[in-house]
Structures are given as C-alpha cells and as structure tokens.
Amino acid sequence: MVEAEGRRWPFDGEDRIDPGLLETFPYEYPAKEAEVVISTNEWNCVCPYSGLPDFGVLTIRYIPAAVCLELKSLKYYLTTFRTVGIYQEHAANRLLRDLVRACEPRRMEVSLDYRLRGGLHTIVTVRHP
C-alpha cells in the first residue's frame, strides 16, 4: 500500500494491475474489418493525490486483426485497477498499452470519462497506432 503524503487513504501501486489476466480468442474474419466497442460504467480506481476513489465510464473501440479480447478476462483485468492509485491520463495509457499487447489490433481507442469532481468534467482518449 502507498499512502499519499498528508492524506489518510492508502492505495496500491501500479504493480497491482495484472495484464496477465487478459485472454483472447481467434477472430475468424481477419479480412473483414469489424469495429468492436466495449463499454462499462463500472470503471474505478483511486486518485493518487487524494487517495479517494475515482469512478467513470470506460469505452474501448478496436478493429481486431487475428484475435479478439475475451470479455470475462477483460472484466477480471479491469477489476485489478480498483485499489490502484493512478491518474486518469496514466490509466488510459496503461489500459491501451496492456490491451494492445494482449490482442495486437489493427486500431484501438481507449476513452476514460470520469464522473464530475469539483465541477471539472474530464475525458481522456488515447489511440493506437
């Protein structure tokens, strides 16, 4: 557990994130571009500044090449973020990196839309390639 300086809520470091949980299955139509969109409003992690929980909507869009992400394993992977202190911008990039490594898509976009905190609405979107 890491404790934010001057804050009382402890959280885990990024080493708690487990991309080894991600599984794939063969995409049987590699000549056909199909956009896969996965969205969940159950995204959460911890703000490393305050130690307070962050909640939001995660949307993943990708064009598979040879394999697709298996959804149950994706849910297990996403759950490993729940106690991790990570900034939104870093979480989006970490998600993209791990997902691209797992399924090597033609294209991928990850968007994190955090719930309003302090009157500031933030959406971070990262893309591959």
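Which residues in α1 meet Arg 94, Leu 95, Asp 98 and Leu 99 in α2? In this predicted model, the α1 side of the meeting is made up of Leu 74, Tyr 77 and Leu 78. Sorted by type, the residues of this contact come out as 5 nonpolar and 2 charged, with no polar ones.

A pair of packed helices can be summed up by two things, the angle between the axes and the distance between them. Here, helix α1 covers residues 71-79 and helix α2 covers residues 88-103. Their axes come within 12 Å and cross at roughly 145°, and the crossing is right-handed.

Next comes the nonpolar core. In soluble globular proteins, nonpolar side chains tend to get buried together. The largest nonpolar core in this model holds 30 residues. The members that touch the most other members are Trp 43, Ile 60, Tyr 77, Leu 95, Leu 99, Met 108 and Val 110. Tyr 77, Leu 95 and Leu 99 also turn up in the contact of α1 with α2. As for where the core residues come from, at least two are supplied by each of the strands β4 (36-46), β5 (53-63), β6 (67-69), β7 (107-114) and β8 (123-128), and by each of the helices α1 and α2. Helix α2 gives the most, with 7 residues.

Trp 43 is worth a look of its own. Setting aside its neighbours within four places in sequence, Trp 43 is in contact with Asp 54, Phe 55, Gly 56 and Leu 58, and also with Leu 78, Phe 81, Ala 91, Leu 95, Leu 112 and Tyr 114. Among these partners, Leu 78 in α1 and Leu 95 in α2 belong to the helix contact too.

What about the cysteines? A search of the whole structure turns up 0 disulfides. Cys 68 is in no disulfide, and the nearest cysteine sulfur, that of Cys 103, is 8.0 Å away. Seen from the other end, Cys 103 is also in no disulfide, with the sulfur of Cys 68 as its nearest cysteine sulfur. Both are tucked away: Cys 68 is buried, with a relative accessible area of 7%, and Cys 103 is buried as well, at 3%.

Cys 68 sits in strand β6. Leaving out neighbours within four places in sequence, Cys 68 is in contact with Glu 23, Thr 24, Phe 25, Tyr 27 and Tyr 62. Take Phe 25 from that list: Cys 68 and Phe 25 are 43 residues apart in sequence, yet 5.4 Å apart in space, C-alpha to C-alpha.

Technical notes
Residues numbered from 1 in each chain as written. Predicted model: local features only at pLDDT ≥ 70, side-chain atom pairs only at ≥ 80, totals over all residues. Heavy atoms only, no water. Axes fitted to C-alpha atoms, helices over the stretch in contact; angles between N-to-C directions. Helix = DSSP H or I, 4+ residues; strand = E, 2+ residues; numbered from the N terminus. Left-handed = near helix turned anticlockwise from the far one by under 90°. Contact = heavy atoms within 4.5 Å. Nonpolar A, V, L, I, M, F, W, Y, C, P; charged D, E, K, R; others polar. Core = buried A, V, L, I, M, F, W, Y, C linked by side-chain atoms within 4.5 Å. Buried < 20%, exposed > 50% of the residue type's maximum accessible area, 1.4 Å probe, protein only. Disulfide = S-S within 2.5 Å.
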